[in-house]
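The structure is shown first.

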Amino acid sequence: MASLDSLLFSLSRIFCSPLAVFIQIQGCLICLALALGWALAAYVRNREITQMKDCMKNGNSFSFLCHDINELEHSNQVNLPRVTVVMPLKGFGEHNLHNWRSQITSLYGGPLEFLFIVENTEDPAYHAVSRLLSEFKDDVDAKVIVAGLSTTCSQKIHNQLVGVEKMHKDSKYVLFLDDDVRLHPGSIGALTREMEKNPEIFIQTGYPLDLPSGSLGSYCIYEYHMPCSMGFATGGKTFFLWGGCMMMHADDFRQDRYGVVSGLKDGGYSDDMTLAAISGAHKRLITSPPVAVFPHPLASDLNFGRYWNYLRKQTFVLESYISNVNWMMNRALFATHCYLSWGFVAPYVMAMIHVAAALRFYSKEYSFEEKTCISGGLSLVTVLATCTLVELLSMWNLTKIEVQLCNMLSPEAPKLSLASYNWCLVFIAMLVDNFLYPVSAFRSHLSQSINWSGIRYYLKDGKIHKIERTQRSKDMLPVFTDLGGKHLYGKKGMPTRGSFLSSLSRSLAQWHQPKKFDN
């Protein structure tokens with residue numbers, strides 16, 4: 001025990017050195033920077049809530065659709081532009097039906113068509129969405145389109161481009177939605193209204209509000225998205241883009257303006273990263289209206305292994321690029337994110353050593369020199385704990401406001417609540433996610449390949465140059481997506497519940513034998 005005490009005191013002294021103190025103060029500043037960003041995002045979202053409440057006080061009961069009730073007059077509605085909604089589908093999960101219903105029952109007053117794009121008729125999504133559309137029959141303009149296999153880009157991008165080819169010739173705007181987006185009744189109208197007000201807008205986007213299911217993996221995904229959410233809560237111009245919700249001018253695709261079609265089709269892996277790079281290269285405008293926040297319930301059986309797979313795909317996008325400038329920006333983002341992630345985690349490791357040393361010190365009598373070191377260490381721990389509390393309170397406040405905004409934007413839906421959020425798990429998820437991000441990022445950089453929904457993509461010079469598909473036999477267990485818990489190839493068998501360690505060891509093995517582990 002004496003040797004352990006000696007080690008603890010030695011580490012505590014080392015962690016009181018100028019360099020260690022700098023690292024711990026830096027961690028505190030990262031916490032405060034996040035808290036400030038979330039506070040500003042909360043201000044923007046809360047401003048929209050206040051405006052909606054003022055409209056209701058003035059007699060506008062439809063403020064969840066638009067602030068000016070005169071816009072709902074028939075004379076205005078008949079002049080609204082045609083919008084085509086393109087939804088690439090893959091698999092079928094517990095929340096899909098609810099999400100699809102929220103999309104096709106939009107209260108947008110203009111001409112609206114929905115194109116559900118699947119890879120083939122064997123996809124469980126094909127039969128599920130076909131049954132859903134048969135319930136509505138002639139009430140909505142919607143169809144299911146079989147896109148076939150992609151050969152030069154990711155399957156999602158291929159499905160999107162096929163949807164664009166099939167959209168109505170008079171469509172003015174095209175809205176790309178992921179199948180896990182739960183729209184509000186007025187979402188399409190709000191996005192279209194902003195596009196009409198400012199024709200200079202290149203892309204309009206939004207962001208999800210994760211609803212954790214209770215597992216640590218779901219809280220890690222919630223924590224991963226929260227820092228990004230402040231970039232979408234600007235109430236206007238932003239440099240961020242989320243592929244789950246993107247409204248664009250249809251003519252940009254018909255005429256391949258700025259190379260949007262060729263940029264996506266020619267080796268594109270990530271739709272949002274590619275379009276964001278095109279926007280930056282041509283100095284085009286991306287905006288995110290304050291009402292573009294969408295409830296995103298996570299799968300009830302989302303385990304830690306599925307979180308790790310999701311993180312791998314998120315870090316892998318930094319390996320794709322369309323130009324040298326785009327490559328340099330991705331490298332800068334890679335380095336900055338890794339540095340800040342471990343810079344966030346390191347002070348907590350040091351704090352645990354300080355606390356452990358203090359507990360051992362006060363349980364026995366030790367020298368004055370050790371007492372001085374312990375006091376300094378505990379002071380740093382106190383500062384870190386205070387900054388952490390401020391950060392968590394700011395995150396809680398933003399989440400509370402976004403929950404309230406979602407409830408107001410969807411008055412017909414069951415009310416969302418903060419009661420189910422476990423803030424101890426949120427804190428643990430912050431440490432776990434920030435520790436694993438650099439691990440995943442370096443893994444992606446070294447491998448240059450990723451398995452996405454049973455398809456392995458290989459990158460060369462930032463673009464997809466090789467695609468491998470696994471031929472699945474009937475007796476194989478089903479494959480699931482990471483967030484929605486969706487069956488990708490059928491419903492036979494039960495989902496595997498592998499641990500994170502087994503998933504991580506599997507990923508490490510892929511460094512040497514990538515083809516062996518594709519199934």
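A residue is called exposed when its relative accessible area is over 50%, buried when that area is under 20%, and partly exposed in between. Lys197, at 59% relative accessibility, therefore counts as exposed. The model discussed here is predicted.

**Salt bridges**

Lys197 pairs with Glu194 in a salt bridge whose closest N and O atoms are 3.9 Å apart. Both residues belong to helix H7, three residues apart, which is about one turn of the helix. In general, an α-helix has 3.6 residues a turn, so residues three or four places apart point the same way. Glu194 is partly exposed, at 28% relative accessibility.

A salt bridge also joins the side chains of Glu200 and Arg284, at 3.7 Å from N to O. Glu200 sits in the loop between H7 and strand E5 (201–205), and Arg284 in the loop between helix H11 (271–281) and strand E8 (285–287), so this pair ties together parts that are 84 residues apart in sequence. Glu468 and Lys466 form another salt bridge, 3.2 Å from N to O. In total, the chain has 16 salt bridges, and Lys156, Asp178 and Asp271 are linked in a network of them.

The table gives the accessibility of residues from these pairs.

| Residue | Relative accessible area | Class |
|---|---|---|
| Glu200 | 48% | partly exposed |
| Arg284 | 25% | partly exposed |
| Glu468 | 18% | buried |
| Lys466 | 32% | partly exposed |

**Overall make-up**

The chain contains 16 helices and twelve strands. Of its 519 residues, 55% are buried. Among contacts with a separation of 6 or more, 79% join residues 24 or more positions apart. The chain exposes about 23100 Å², and carbon and sulfur atoms supply 61% of that area.

**Nonpolar cores**

The largest nonpolar core has 59 residues, and Tyr307 and Phe344 have the most contacts inside it. Elements giving two or more residues to this core include helix H2 (18–57), strand E6 (207–211), helix H13 (324–363) and helix H14 (368–409). H14 provides the largest share, twelve residues. Beyond its neighbors up to four places away in sequence, Phe344 touches Ile30, Cys31, Leu34, Glu391, Met430, Leu431 and Asn434. Another core, of 36 residues, lies apart from this one and includes Ile104, Phe116, Phe136 and Phe294.

Leaving out residues up to four places away in sequence, Leu405 touches Arg45, Glu48, Ile49, Met52, Pro290 and Val293. Leu405 and Met52 are 353 residues apart in sequence, and their C-alpha atoms are 9.4 Å apart.

Helix H4 (residues 96–104) has Asn96, Asn99, Trp100, Ser102, Gln103 and Ile104 as its buried residues. Their cover includes strand E1 (83–88), strand E2 (112–118), helix H5 (124–136), strand E4 (173–177) and helix H7 (187–197).

**Cysteines and a surface patch**

The structure holds zero disulfides. Cys406 is buried, at 3% relative accessible area, whereas Cys228 is partly exposed, at 24%.

On the surface, Leu19, Phe22, Tyr339 and Leu340 form a nonpolar patch with about 440 Å² of accessible area together. Helices H2 and H13 each give two or more residues to the patch. Phe22 lies in helix H2 and is partly exposed, with a relative accessible area of 49%.

Conventions:
Residues are numbered from 1 along each chain as its sequence is written. This is a predicted model: local features need pLDDT of at least 70, side-chain atom pairs count only at pLDDT 80 or more; totals for chains, interfaces and linings use all residues. Side-chain values use heavy atoms; hydrogens and water are left out. Helices (H or I, at least four residues) and strands (E, at least two) are DSSP runs, numbered from the N terminus. Buried means under 20% relative accessible area, exposed over 50%, partly exposed in between (1.4 Å probe, protein chains only). Contact means heavy atoms within 4.5 Å. Accessible areas come from the Shrake-Rupley method with a 1.4 Å probe; for residues, only the protein chains shown count as cover. A nonpolar core is a set of buried Ala, Val, Leu, Ile, Met, Phe, Trp, Tyr and Cys residues joined through side-chain atoms within 4.5 Å. A disulfide is a pair of cysteine sulfur atoms within 2.5 Å. Patches are made of residues with over 30% relative accessible area and no salt bridge: like charges are joined within 9 Å, nonpolar side chains (Val, Leu, Ile, Met, Phe, Trp, Tyr) within 5 Å. A salt bridge is a side-chain nitrogen of Lys or Arg within 4 Å of a carboxyl oxygen of Asp or Glu.
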